[in-house]
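Colleague: Please show me the model, and then let us go through its geometry by question and answer.

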Amino acid sequence: MIPAAFEYHRPQDMAGVLAVLEEHGDDARVMAGGHSLIPMMKLRMADVPHLIDLQDVGGLSDIAVDGASIRIGALVTQADIIDHQALAAAAPILREAALQIADPQVRYMGTVGGNVANGDPGNDMPGLMQCLDATFTLVGTGGERDVPARDFYEAAYMTAREDDEVLTAVTIPLPSGGYAYEKQKRKIGDYATAAAAVQITKSGGTCASAAIAMTNLSDTPIYSDAAGAALVGTTLDDAALKAAVAAMLNDIDPTEDNRGPIAFKKHVAGVILRRAIERAWSRA
Amino acid sequence: MSNKMHIKLNVNGKDEEFLAEPRELLIYTLRERLNITGPHIGCETSHCGACTVTIDGKSVKSCTMFVAQASGKAVTTIEGIGGPDALHPLQEAFKEHHGLQCGYCTPGMITRATKLLEEIPNPTEEEIRFGMAGNICRCTGYQNIVKSIQAAATEMNAAKEAAE
């Protein structure tokens with residue numbers, strides 16, 4: 001498996017990255033860990049005449065946790081997420097999700113930035129970031145802008161990022177309450193048949209707020225406002241769980257593939273969401 | 001487009017310099033250019049782990065890294081871990097506990113296991129299975145691989161204690 005020839009760029013700073021992007025437009029692609037892009041290049045499903053390796057660009061590998069928010073640089077790897085104690089304390093759902101991504105070798109290389117920017121509906125971080133109401137920072141020749149994760153995904157591999165922009169950081173408001181990232185997959189290393197990210201807060205005995213997002217059940221991650229709303233104000237009794245699952249099923253649009261027919265995926269999505277809600281509630 | 005790049009690698013402590021196309025995958029650099037044939041090509045699709053090497057303290061599937069990305073870095077393969085004259089405790093343990101049958105996955109298994117034991121010196125069976133999940137073996141059923149890694153951990157911890 002030999003990819004098509006390309007010109008390799010390893011700029012030392014973001015100005016260098018943007019200069020190559022400006023010169024070559026959509027003939028250029030940035031690469032972080034490369035564990036989505038390189039397999040696609042080997043299969044010749046991605047044509048990248050100019051490959052920009054971000055590894056020497058400084059300032060993209062930091063995790064910062066303060067009293068109000070978490071900022072994760074684009075080159076932070078899944079392994080970094082798993083190992084970071086302050087992050088695990090502030091937003092344990094990130095560690096729980098990262099541990100369910102791929103395998104150890106891939107987690108050393110795979111980055112948060114690549115996972116969210118690639119737009120692959122199978123990736124776990126996009127749905128998770130929608131659940132957490134994260135914001136993505138994009139830097140381009142025209143300057144910097146922030147896009148909410150819930151507005152970022154347009155279709156498979158199509159996002160709000162322009163060709164001359166680079167996703168540099170993810171900012172997450174400090175989550176509170178119970179959490180769960182539940183993923184059904186055929187084997188370790190596989191993408192989800194269905195996965196659910198749930199973050200719930202409790203007040204008295206009732207649910208005060210609920211954020212729910214689903215992975216790999218449409219051509220984008222699905223943030224289901226209606227599913228969360230079905231839980232708010234309830235004691236999460238069986239009727240509330242059924243209503244949340246029904247609302248979620250109404251929002252997803254799975255397609256048949258080698259992970260199963262549509263009816264099966266909807267069934268699994270319902271089971272996974274119910275488990276995720278129950279686990280998040282037990283931790284709230 | 002087919003411009004060759006000047007590549008510098010340190011492989012198992014030895015500096016290497018050559019010209020290569022950036023698209024060359026590191027596994028081919030090791031095997032075909034440098035004749036370091038310990039890392040194997042199993043699936044070539046980032047799944048099986050037979051090509052695992054260590055770079056910057058990370059276990060990396062060398063079929064999923066361009067030589068251009070690796071330029072300037074130090075790479076360790078199974079050849080840098082131990083050899084026939086001085087086996088690493090993991091190699092001894094795999095031999096002793098039948099941690100292999102055909103042996104094709106073994107270089108990747110042991111290379112990955114060296115990192116696992118650095119990170120978790122005394123792993124449980126569950127931690128070994130989870131930490132080795134990026135390496136596939138089609139012969140053993142994994143039971144003896146787990147046993148071998150446990151035995152090596154015990155041996156290495158005892159040696160460390162004796163040294164202290």
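Colleague: At what angle do helix H11 and helix H12 of chain A pack, and how far apart are their axes?

Modeller: This is a predicted model, in which local features need pLDDT of at least 70 and side-chain atom pairs count only at pLDDT 80 or more, whereas totals for chains, interfaces and linings use all residues. Residues are numbered from 1 along each chain as its sequence is written, and chains are lettered from A and ligands numbered from 1 in the order in which they are written. Helices (H or I, at least four residues) and strands (E, at least two) are DSSP runs numbered from the N terminus, and axes are lines fitted to C-alpha atoms, for helices over the stretch in contact, with angles from 0 to 180 degrees between N-to-C directions. H11(A), residues 238-251, and H12(A), residues 262-283, pack at about 135°, with their axes 10 Å apart.

Colleague: Why is H11(A) described as oblique to H12(A)?

Modeller: Angles under 35 degrees count as roughly parallel, over 145 as roughly antiparallel and 65 to 115 as roughly perpendicular, the rest being oblique. The angle here is about 135°, which makes H11(A) relative to H12(A) oblique.

Colleague: Which residues of H11(A) make the contact with H12(A)?

Modeller: Contact requires C-beta atoms, placed from the backbone, within 7 Å. H12(A) contributes A:Lys266, A:Ala269, A:Gly270, A:Leu273, A:Arg274 and A:Ile277. From H11(A) come A:Leu241, A:Ala244, A:Val245, A:Met248 and A:Leu249.

Colleague: Which element gives the most to the side of chain A that touches chain B?

Modeller: In this interface, 21 residues of chain A are in contact with 24 residues of chain B. The elements of chain A that give two or more residues are strand E1 (7-9), helix H2 (37-42) and helix H6 (104-109). With 5 residues, the most comes from H6(A).

Colleague: How far apart are the C-alpha centres of domain 1 and domain 2 of chain A?

Modeller: The domain assignment, whose bounds come from an automatic or database source, gives domain 1 (7-53), domain 2 (63-173) and domain 3 (178-283). The contact takes 13 residues from domain 1 and 17 residues from domain 2. The C-alpha centres of these two domains of chain A lie apart by 19 Å.

Colleague: What is the radius of gyration of chain B?

Modeller: The radius is taken over C-alpha atoms, and the globule rule is 2.2 Å times the number of residues to the power 0.38. For 164 residues, a compact globule would have a value near 15 Å, which agrees with that of chain B, 16 Å.

Terms used. Contact = placed C-beta atoms within 7 Å.
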